[in-house]
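Me: I should like to learn how to read the features of a structural model. Please take them one at a time, with the general idea before the case.

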Amino acid sequence: SFISSRFLFFPTASTNPKAALKSKIVAEFRPQSLIDELLLYKRSEDQIELKEKQLSTMRVDVCSTETLKCLKGKA
């Protein structure tokens with residue numbers, strides 16, 4: 001073809017700041033810390049779901065301040 005491979009320019013990390021940043025991010029990526037954070041988030045979501053289910057099965061008079069105090073004490 002007319003365009004020879006010697007005329008093509010492929011930016012490297014040293015000439016392209018975005019590529020350098022991406023390379024650094026990939027090099028410093030630690031999947032275990034991400035996994036740990038996701039597990040914490042999942043546990044938190046599970047706790048919220050459990051509490052919502054517990055509350056939905058209770059019949060609570062929300063106008064009763066005494067009942068609300070008891071619920072707050074259990075939380």
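Me: What do the side chains of Asp 46 and Lys 42 form where they meet?

Reply: Side chains of opposite charge can pair when their charged atoms come close. Here Asp 46 and Lys 42 form a salt bridge, with an N to O distance of 2.9 Å; the term requires a side-chain nitrogen of Lys or Arg within 4 Å of a carboxyl oxygen of Asp or Glu. This is a predicted model, in which local features need pLDDT of at least 70 and side-chain atom pairs pLDDT 80 or more, whereas totals for chains, interfaces and linings use all residues. Residues are numbered from 1 along each chain as its sequence is written, and side-chain values use heavy atoms, leaving out hydrogens and water.

Me: Where do Asp 46 and Lys 42 lie?

Reply: An α-helix has 3.6 residues a turn, so residues three or four places apart point the same way. Both Asp 46 and Lys 42 belong to helix H2, 4 residues apart, about one turn of the helix. Helices are DSSP runs of H or I with at least four residues, strands are runs of E with at least two, and both are numbered from the N terminus.

Me: How many salt bridges does the structure hold?

Reply: The structure holds 2. Lys 53 and Glu 49 also meet in a salt bridge, at 3.3 Å from N to O, and they are separated by about one helical turn because they stand 4 residues apart in helix H2.

Me: Is Asp 46 buried or exposed, or partly exposed?

Reply: Buried means under 20% relative accessible area, exposed over 50%, and partly exposed in between (1.4 Å probe, protein chains only). Asp 46 has 36% relative accessibility and therefore counts as partly exposed. Lys 42, at 47%, is partly exposed, and so is Glu 49, at 41%.

Me: How many of the 12 residues of H1 are buried?

Reply: The number is 0, so H1 lies largely in the open. In the protein, buried residues make up 1% of the 75 residues.

Me: What span should helix H1 have?

Reply: The expected span is 1.5 Å times one less than the number of residues. For helix H1 (residues 17-28) this gives 16 Å, and the end C-alpha atoms are 16 Å apart, which agrees.

Me: How many helices and strands does the protein have?

Reply: The protein has 3 helices and 0 strands, in the order α-α-α from the N terminus.
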